Amino acid sequence: MDKVESKREREKQVVTLMIQIYCRRHHGTKEGLCPSCRQLANYAAQRCDRCPFMESKTFCSNCKVHCYAPKMREEIRQVMRFSGPWMLLYHPVLAVRHLIESQKEKRRIAER
């Protein structure tokens, strides 16, 4: 797996976990996703798979080009706002790695 594909897979892993946390807490799902959260997860994965900027960014949350449709962008923001803090409880290693890589990316962008 090349570097870009690895980044795509990590991005999808983080987003999927955040949507699962959100769905579990807001919709009471025990396993899997409710239909609306499944639709959001599929949409996010498609956007990630088609991203032409994946090589030059760490995660979608750091991207200046927002390729989500406005309605879906608001839905994913709502999920991320809620799930971000919960990530530390559900998957601390993934959460810390995401934070560290995001900070590195922000510093790299600021240095340009």
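User: What makes the pattern of the protein chain α-α-α-α?

Analyst: In this predicted model, the protein chain has four helices and zero strands. Read along the sequence, that gives α-α-α-α. Of its 112 residues, 38% count as buried.

User: How do you know that the length of helix H3 agrees with its 21 residues?

Analyst: Helix H3 covers residues 70-90, and at 1.5 Å a residue it should span 30 Å. The expected span is 1.5 Å times one less than the number of residues. The end C-alpha atoms of H3 are 28 Å apart, which agrees.

User: Where does H3 bend, and by how much?

Analyst: H3 bends by about 45° at Gly84. A proline, Pro85, follows within four residues.

User: Why are H2 and H3 called roughly perpendicular?

Analyst: The axes of H2 and H3 come within 11 Å and cross at roughly 105°. Angles of 65 to 115 degrees count as roughly perpendicular, so H2 and H3 are roughly perpendicular to each other. On the H2 side the contact is made by Gln39, Leu40 and Tyr43, and on the H3 side by Met72, Glu75, Ile76 and Val79. Here the residues divide into five nonpolar, one polar and one charged.

User: Which residues of H3 are buried?

Analyst: The buried residues of H3 are Met72, Ile76, Val79, Ser83 and Met87. Met72, Ile76 and Val79 also take part in the contact with H2, and Met87 in the contact with H4.

User: Is Tyr68 buried or exposed, and how do you know?

Analyst: Tyr68 has a relative accessible area of 11%. Buried means under 20%, so Tyr68 is buried. Tyr68 lies in the loop between helix H2 (35-49) and H3.

User: What is Tyr68 in contact with, leaving aside its neighbours within four places in sequence?

Analyst: Tyr68 is in contact with Tyr43, Ala44, Arg47, Arg73 and Ile76. The C-alpha atoms of Tyr68 and Cys48 are separated by 9.9 Å, with the two residues 20 apart along the chain.

Terms used
Residues are numbered from 1 along each chain as its sequence is written. This is a predicted model: local features need pLDDT of at least 70, side-chain atom pairs count only at pLDDT 80 or more; totals for chains, interfaces and linings use all residues. Side-chain values use heavy atoms; hydrogens and water are left out. Helices (H or I, at least four residues) and strands (E, at least two) are DSSP runs, numbered from the N terminus. The bend at a residue is the angle between axes fitted to the seven residues ending there and the seven starting there. Buried means under 20% relative accessible area, exposed over 50%, partly exposed in between (1.4 Å probe, protein chains only). Contact means heavy atoms within 4.5 Å. Axes are lines fitted to C-alpha atoms, for helices over the stretch in contact, and angles run from 0 to 180 degrees between N-to-C directions. Angles under 35 degrees count as roughly parallel, over 145 as roughly antiparallel, 65 to 115 as roughly perpendicular and the rest as oblique. Ala, Val, Leu, Ile, Met, Phe, Trp, Tyr, Cys and Pro count as nonpolar, Asp, Glu, Lys and Arg as charged, and the others, Gly among them, as polar.
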